[in-house]
Amino acid sequence: MEFLKGAPKTQRLELKDILGGAHRNETVQVAGMVHARQTVGGGLTFLKLRKRDGILQCTCAEGVDVSGVPEEAAVVVTGTLREEPRAPGGVELAAQAVEVLSRPAAPLPVPVPKARLNINLDTELGLRPVVLRHLRERSVFKVQECLGRAFREYLQGQGFTEVHTPKIVHAGAEGGSNIFRLDYFGRKAFLAQSPQFYKQTMVGVFERVFEVAPVFRAEKHSTARHLNEYTSLDFEMGFIDSFADVMAMETGFLQYAMELLRTEYAADGKRLGIAIPNVERIPCVRFDEVKGLAAEKYGYQIRDPYDLEPEEEHAIGRYAKEEWGSDFVFVTHYPSKKRPFYAMDDPADPRYTLSFDLLFRGVEVTTGGQRVHSYAEQVKKMEKRGMHPEEFESYLMIHKHGMPPHGGLGIGLERLTMQLCGLENVRCACLFPRDLSRLEP
């Protein structure tokens, strides 16, 4: 019988143990995958080990037999660490022995060790389990990790509580036809389009809440910016003075995230060539105003007075960059006609709402705003839209029994990652995308 006392200690080093300058000229062990191998003159072979946090170069002299060690073999290398300015991280491991733990059954179908893959998107997505081993692909998801981590850390520092809400629901939060239906033990149910009802509910419990979780949209589209399942960064906050408080909170998150990217994720940002945006301040402009400004400057006709088409978002993003020097722009006061029933109308002009979108380099990455908190006003707005309040009894319970003024937002994590990394398709910012045609891998 044995007792476990926590995570096991190991003599094998990680890159973080090495790159700080420790263990030079010591004999150490390092485990990793053979990312690349190259034999040069004089019987010298270079093995590049892929670690969870980067690459370590190993040199194998003639006396160390690595002739049967292929790429993607799992190995443990024993050797001496020494300074080498030309190696990744400025250090290399002079191997004394290489132990093979496992071997691949077949060679890689794509050139993972190369700087760029240069394969089409369909091929890349079909081979996703191995393509993700490519260093640039890995860096995309390290940047995505940075954004998710920043969201959690920043909001926790602002007094938010993390919650986990149901993804099988009895009614859609956004309305419309873009909702996946399913049989729930003989009852009609849906996959959640948003955690909206539940995060509002939790404002009555914790005042400030957030969630990082998947949402589902049954939209029959095939564009470079849409997925049928994506990760949403949601928060909701109570006792706000106006919906500007929500925008200010998001601005603080973005400032925290960009600083984290600049410091702890610098190597991944450099590998992807990321131009970190300046988020010291973000302009806010009304929907109707900025539509007119962009149309006038770039000479096009406004076709939809109630929404922004993708081309308009691009034009507004360009306008914000040229006129205000900002990669981001908050577009506020969207028409009530295009906002959900829980969006609060502007008391000064009920045709518009106290809501916003955040555009990043010409693409919408956030939707948010202030919510209706009065029971009478929420029921009235539902009835005005031809809805049946009795179908939303559990949601309306929070309004009936008292809610503070509150608001929140949802950020599309994949879109934010796509725009930050300069990717051409949102599928490249999703580990295993789900769209009209893809259910695997």
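Two strands are taken to pair if DSSP finds at least two bridges between them, and strands (E, at least two residues) and helices (H or I, at least four) are DSSP runs numbered from the N terminus. Please keep in mind that this is a predicted model, in which local features need pLDDT of at least 70 and side-chain atom pairs count only at pLDDT 80 or more, while totals for chains, interfaces and linings use all residues. Residues are numbered from 1 along each chain as its sequence is written, and side-chain values use heavy atoms, with hydrogens and water left out.

The model has an open sheet of eight strands with mixed pairing, in the order β6-β10-β11-β18-β17-β16-β13-β12. At its edges stand β6 (161-162) and β12 (284-286), and each has a single partner strand, so one side of each is left without a neighbour in the sheet. Strands β16 (residues 355-360) and β17 run antiparallel and are joined by six bridges, with Val363 in β17 as the bridge partner of Phe360.

Strand β17 (residues 363-370) also holds Thr367, which the unreviewed UniProt entry covers with the annotation "binding site", together with Glu174, Arg217 and Arg371; such annotations may be inferred rather than shown by experiment, feature names are shortened, and positions are given in the numbering used here. Leaving aside residues up to four places away in sequence, Thr367 touches Arg339, Phe356, Asp357, Leu409 and Gly410, contact meaning heavy atoms within 4.5 Å.
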